[in-house]
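Please keep the sequence and the 3D view open beside this note.

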Amino acid sequence: MEKTYKKVLTIAGSDSGGGAGIQADIKTISACGCYAASAITAVTVQNTMGVIDVEGLSPSVIEGQIDAVLSDIGADCVKIGMLHSSKVVLSVAKMMKKHDIKNIVLDPVMVSTSGHRLIEEEAIETLCKELIPMARVITPNIPEAEILYGGKIPNQDVLRTTAQQLANKFNTSIYLKAGHLTEEALIDIFYNHEEGNFCELKTKRIHTENTHGTGCTLSSALASMIAKGHNLTEAATLAQKYIENAIIEGANYKIGHGHGPVAHFYKYWD
């Protein structure tokens, strides 16, 4: 009997520095034991110091990449990252409908760590209306959740309520990341909308400059665990453990002059 891969398609922007975006997604998916295919939405000019420029690909080329992968290779889960314009959001939504994709993990990438806006204002509205409701899970950080929620998230105490309200608003499960808050003890909140229950994912804050691409890495790990057949809560728990270890191990390295990446292959590198 021929072996088959568990397959994840990532739809996201390229990071020339290799720490985030498509590059981080492919590293993560591979490290988590799945086959990674990709559709690039934009090319960013960036390094550990920040994003210098962004050039989006045309919707037709993005659609072509997605169609080529899904019509031939297929995907057990699709991870969606940076979509810079309304036209691109609509193109991706069209392809998800065409290929009847049910397992979608959407990372609503809006602003880079360095504060560079990565998505047009109009695209946020289109994302909320057309694509987020199609996702099985979305993985916002605090600034992104505040945009989606329409209000401030001041501390850890309101995360459960916020996650549930977002889940009800968009009819999807929510992995709400706590890293942008100030507490030393971090508790990510996963609200499983399908089962109506919470999972608190507790970690200690890791003090390191190497946090570039953590959002991309977490969402790709989550997509990989779903592709491998884990239920949503199991997948969230395994993804959180993967990113925690990748941050811990990555803290020991120095690369570039700014925010370095996590150690995606910590299980395999000596």
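The numbered points that follow take up one part of the structure at a time.

1. A word of caution comes before the details: this is a predicted model, and the values below should be read with that in mind.

2. Helix α2, made of residues 59–72, packs against α3 at an angle of about 20°, and their axes are 9 Å apart. Since angles under 35 degrees count as roughly parallel, α2 is roughly parallel to α3. The crossing in which α2 passes α3 is right-handed. On the α2 side the residues that meet α3 are Pro 59, Ile 62, Glu 63, Ile 66, Asp 67 and Leu 70, while α3 brings Lys 87, Val 88, Ser 91, Val 92, Lys 94, Met 95, Met 96 and Lys 98 to the contact.

3. From α3 the contact takes in Ser 86, Val 89, Leu 90, Val 92, Ala 93 and Lys 97, and from α4 it takes in Glu 122, Ala 123, Thr 126, Leu 127, Glu 130 and Leu 131. The residues of the contact of α3 with α4 divide into seven nonpolar, two polar and three charged.

4. Which residues of α4 are buried? They are Ala 123, Ile 124, Thr 126, Leu 127, Cys 128 and Leu 131. These buried residues of α4 pack against β4 (77–80), α3, β5 (104–106), α5 (142–149) and α6 (159–170).

5. Leaving aside residues up to four places away in sequence, Ala 235 touches Leu 222, Met 225, Ile 226 and His 230. Of these, Leu 222 is 13 residues from Ala 235 in sequence, yet the two are 5.7 Å apart in space from C-alpha to C-alpha. Glu 244 also lies in helix α8; its relative accessibility is 16%, and because buried means under 20%, Glu 244 counts as buried.

6. The structure holds five aromatic pairs. One of them joins Tyr 175 and Phe 190, whose ring centres are 6.4 Å apart and whose planes stand at 50°, so the pair is tilted. This pair links distant parts of the chain, with Tyr 175 in strand β7 (residues 173–176) and Phe 190 in strand β8 (residues 185–192), 15 residues apart. Tyr 175 is buried at a relative accessible area of 0%, and Phe 190 is buried at 0% too.

7. Another pair consists of Tyr 242 and Tyr 266, with ring centres 5.6 Å apart and planes at 40°, so this pair is tilted. Because Tyr 242 lies in helix α8 and Tyr 266 in the segment after α8, the pair ties together parts that are 24 residues apart in sequence. Both Tyr 242 and Tyr 266 are buried.

Definitions and conventions:
Residues numbered from 1 in each chain as written. Predicted model: local features only at pLDDT ≥ 70, side-chain atom pairs only at ≥ 80, totals over all residues. Heavy atoms only, no water. Contact = heavy atoms within 4.5 Å. Helix = DSSP H or I, 4+ residues; strand = E, 2+ residues; numbered from the N terminus. Nonpolar A, V, L, I, M, F, W, Y, C, P; charged D, E, K, R; others polar. Buried < 20%, exposed > 50% of the residue type's maximum accessible area, 1.4 Å probe, protein only. Phe/Tyr/Trp six-rings, centres within 6.5 Å; stacked < 30°, edge-to-face > 60°. Axes fitted to C-alpha atoms, helices over the stretch in contact; angles between N-to-C directions. Parallel < 35°, antiparallel > 145°, perpendicular 65-115°, else oblique. Left-handed = near helix turned anticlockwise from the far one by under 90°.
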